[in-house]
Amino acid sequence: MEVEPDAPTERRNPASDRIDELPLADVLRLINEADATVPAAVAAVLPQIGEAVEAGVRALAGGGRIHYFGAGTSGRVAFADAAELRPTYALRPDQVVPHVAGGVDALWRAAEQAEDDDTAGARDASDVKPGDLVLGVAASGGTPYVGGALRQARKLGATTGLITSNPRASLAEHADIFIAADTGPEIITGSTRMKAATAAKLILNTFSTALMVKYGRTYGNLMVCAVPTNAKLRRRAVWTLSAAAHVDGDLAAEALAESGDDPSVALLMLLAAPDHQLADVDAARQALAETRGAIRPAVSRLTAS
């Protein structure tokens with residue numbers, strides 16, 4: 001008698017039962033149709049993602065950190081999300097910290113055995129502080145490495161969350177916030193780099209983007225904190241400053257240069273001065289420091305002063 005796995009991500013998908021006998025066009029269609037179901041699964045857990053965003057804002061506003069813990073594909077997706085926040089929103093490296101089972105080498109060389117080490121998860125979470133937010137990412141919802149991290153984080157007083165594709169995840173008991181996108185069986189049985197990983201990426205992107213919006217690191221829908229480290233990004237920074245402050249490109253470029261290539265400081269210099277002049281750069285930096293980098297509160301503070 002065939003034994004059915006506990007996790008839905010490990011079960012066989014009847015739609016692809018004979019996928020190896022199908023014409024290529026049908027193989028592609030099956031994969032695409034399966035992928036198309038993921039956004040609806042993520043939409044169903046938006047309230048829980050919102051809880052995580054609120055917890056994340058509290059953590060950062062209180063001087064705490066956000067930690068991601070994952071293994072395999074889940075760990076790689078989480079690591080990429082954390083890494084991209086730094087240049088996009090000018091976060092310090094210690095504000096959103098990714099942890100991957102097996103260490104950084106596991107990002108490009110699979111280390112599946114590392115995910116079974118719950119003591120490593122607990123060890124990697126040993127520097128978690130009260131008030132931090134710790135998010136575990138585990139497609140099956142039972143990864144021991146992630147479980148070890150969540151248990152340790154709770155002991156240390158952090159808020160914990162689990163992102164998974166298993167609504168009955170065994171690790172749910174260790175999570176204050178449970179985000180389970182029910183993506184079901186994969187087209188290739190157990191290949192959670194497919195729908196489950198896509199769901200994890202969408203959830204993390206939604207979480208981190210909303211987090212940065214509510215934390216004040218955008219101005220409208222503009223990336224006014226993105227660090228201009230190459231020619232393309234410098235052009236984008238000048239255009240963004242021009243659009244945000246309603247000034248011409250020359251003044252925007254001047255503000256960027258005087259700010260030391262810090263677009264958020266440059267934006268304050270443009271917004272807080274009348275008649276298309278530039279506010280004092282040190283005053284702009286001070287206002288941002290006082291609001292932990294939140295743009296609109298810094299504008300209000302600098303304008304009032």
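Residues are numbered from 1 along each chain as its sequence is written, and side-chain values use heavy atoms, with hydrogens and water left out. Because the model is predicted, local features need pLDDT of at least 70 and side-chain atom pairs count only at pLDDT 80 or more, while totals for chains, interfaces and linings use all residues.

Helices (H or I, at least four residues) and strands (E, at least two) are DSSP runs, numbered from the N terminus. Strands of a sheet pair through backbone hydrogen bonds, either parallel or antiparallel. In this model, 5 strands form an open sheet with parallel pairing, in the order β2-β1-β3-β4-β5; two strands are taken to pair if DSSP finds at least two bridges between them. Strands β2 and β5 are the edges of the sheet, each pairing on one side only. From one strand to the next, the twist averages 15°. Angles run from 0 to 180 degrees between N-to-C directions, and axes are lines fitted to C-alpha atoms, for helices over the stretch in contact. Strands β1 (residues 66–70) and β3 (residues 133–137) run parallel and are joined by 5 bridges. Phe 69 has Gly 136 of β3 as its bridge partner.

Two helices are described against the sheet. Helix α4 packs on the sheet and touches β1, β2 and β3, where contact means heavy atoms within 4.5 Å. The direction of α4 makes about 155° with that of β2. Helix α6 (residues 144–155) lies across β1, β2, β3 and β4 (159–164), and runs at about 160° to β4.

For "active site", an unreviewed UniProt entry lists Glu 84 and Glu 115. UniProt positions are given in the numbering used here, feature names are shortened, and annotations may be inferred rather than shown by experiment. The two listed residues are spread over 32 residues of sequence and also in space, up to 23.8 Å between C-alpha atoms. Glu 84 is located in helix α4 (residues 72–89), whereas Glu 115 belongs to the loop between β2 (96–100) and α5 (118–124). Relative accessible area is classed as buried under 20%, exposed over 50% and partly exposed in between (1.4 Å probe, protein chains only). Glu 84 counts as partly exposed because its relative accessibility is 48%. Glu 115, at 29% relative accessibility, also counts as partly exposed. Residues up to four places away in sequence aside, Glu 115 touches Ala 71, Ala 101, Thr 143, Pro 144 and Tyr 145.

Thr 183 lies in the loop between β5 (177–180) and α7 (195–214). With 6% relative accessibility, Thr 183 counts as buried. Beyond its neighbours within four places in sequence, Thr 183 has contacts that include Thr 9, Ala 41, Ser 165 and Lys 195.

In helix α12 (residues 295–304), the buried residues are Ile 295, Ala 298, Val 299 and Leu 302. Seen down the axis of α12, these residues fall within an arc of 105°, so they line one face of the helix; the arc is that of the directions from the helix axis to the C-beta atoms. An α-helix has 3.6 residues a turn, so residues three or four places apart point the same way. The buried residues of α12 pack against α10 (263–271) and α11 (281–290). Pro 263 is part of helix α10 and counts as buried at 3% relative accessibility.
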